[in-house]
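Colleague: Hey, I'm new to this one. Can you put it on screen and walk me through it?

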Amino acid sequence: MTEPLKSWIKEEVAPGSQVTSDEELDRYARSVSHTIYHPACTAKMGAIVSNPLTVVESKLQVRGVKNLRVADASVFPTMVTINLMLTVLAVGERAAEMIAEDAGWKGLHARL
C-alpha cells in the first residue's frame with residue numbers, strides 16, 4: 001500500500017492479516033459468500049415451445065403449472081445493466097396488471 005491511501009489504512013478488516021495461505025483464503029471465501037445481493041436469471045423467461053431451458057413464458061406463467069406466475073429477478077433471461085430493483089418493481093407492476101386483466105379488468109385505458 002502506498003500513499004495517498006496508506007495513511008488511511010489502519011488494519012485489514014477482512015479476511016484479516018492472519019489469513020495468508022491459499023487454503024485459508026479459500027476457506028474464508030467459501031464461508032462468507034452468498035447470493036443475497038442480486039440473485040437473478042434462475043427461472044428464465046422466454047419462448048417455452050422453442051427453448052427447453054425456459055421456465056416462464058411472456059405472461060410470467062410457469063411452464064406446466066396452472067395459475068402460478070413468477071414475478072421477480074429470476075425471470076430475467078440475462079442480467080440487466082441498470083438498477084436491478086427498478087426492473088423487479090416493473091416486473092411486479094406488470095404481473096399485477098396481467099393478473100387483473102385475466103380476472104376481467106379492462107385496464108387504465110378503458111376509463112379514459
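Colleague: Where does Pro15 lie?

Modeller: Pro15 lies in the segment before H1. Before we go on, this is a predicted model, where local features need pLDDT of at least 70, side-chain atom pairs count only at pLDDT 80 or more, and totals for chains, interfaces and linings use all residues. Residues are numbered from 1 along each chain as its sequence is written, and side-chain values use heavy atoms, with hydrogens and water left out.

Colleague: Okay, and which peptide bond joins Ala14 and Pro15, cis or trans?

Modeller: A cis one, with omega about 5 degrees. The bond from Glu3 to Pro4 is cis too, with omega near 20 degrees. Pro4 is also placed in the segment before helix H1, which covers 22–32.

Colleague: How many helices and strands are there in the chain?

Modeller: Two helices and zero strands. Helices (H or I, at least four residues) and strands (E, at least two) are DSSP runs, numbered from the N terminus.

Colleague: So is the chain spread out or compact?

Modeller: Its radius of gyration is 23 Å, well over the 13 Å that the globule rule gives for 112 residues, so the chain is more spread out than a compact globule. That radius is taken over C-alpha atoms, and the rule is 2.2 Å times the number of residues to the power 0.38. Along its principal axes, the C-alpha trace spans about 65 × 35 × 20 Å.

Colleague: What share of the residues count as buried?

Modeller: 20% of the 112 residues. Buried means under 20% relative accessible area, exposed over 50%, and partly exposed in between (1.4 Å probe, protein chains only).

Colleague: What about Asn67, buried or exposed?

Modeller: Asn67 has 83% relative accessibility, so it counts as exposed. Asn67 lies in the loop between H1 and H2, and has a positive phi of about 60 degrees although it is not a glycine.

Colleague: Last topic, contacts. What percentage join residues at least 24 apart?

Modeller: 34%, among contacts between residues at least 6 apart in sequence. Contact means heavy atoms within 4.5 Å.
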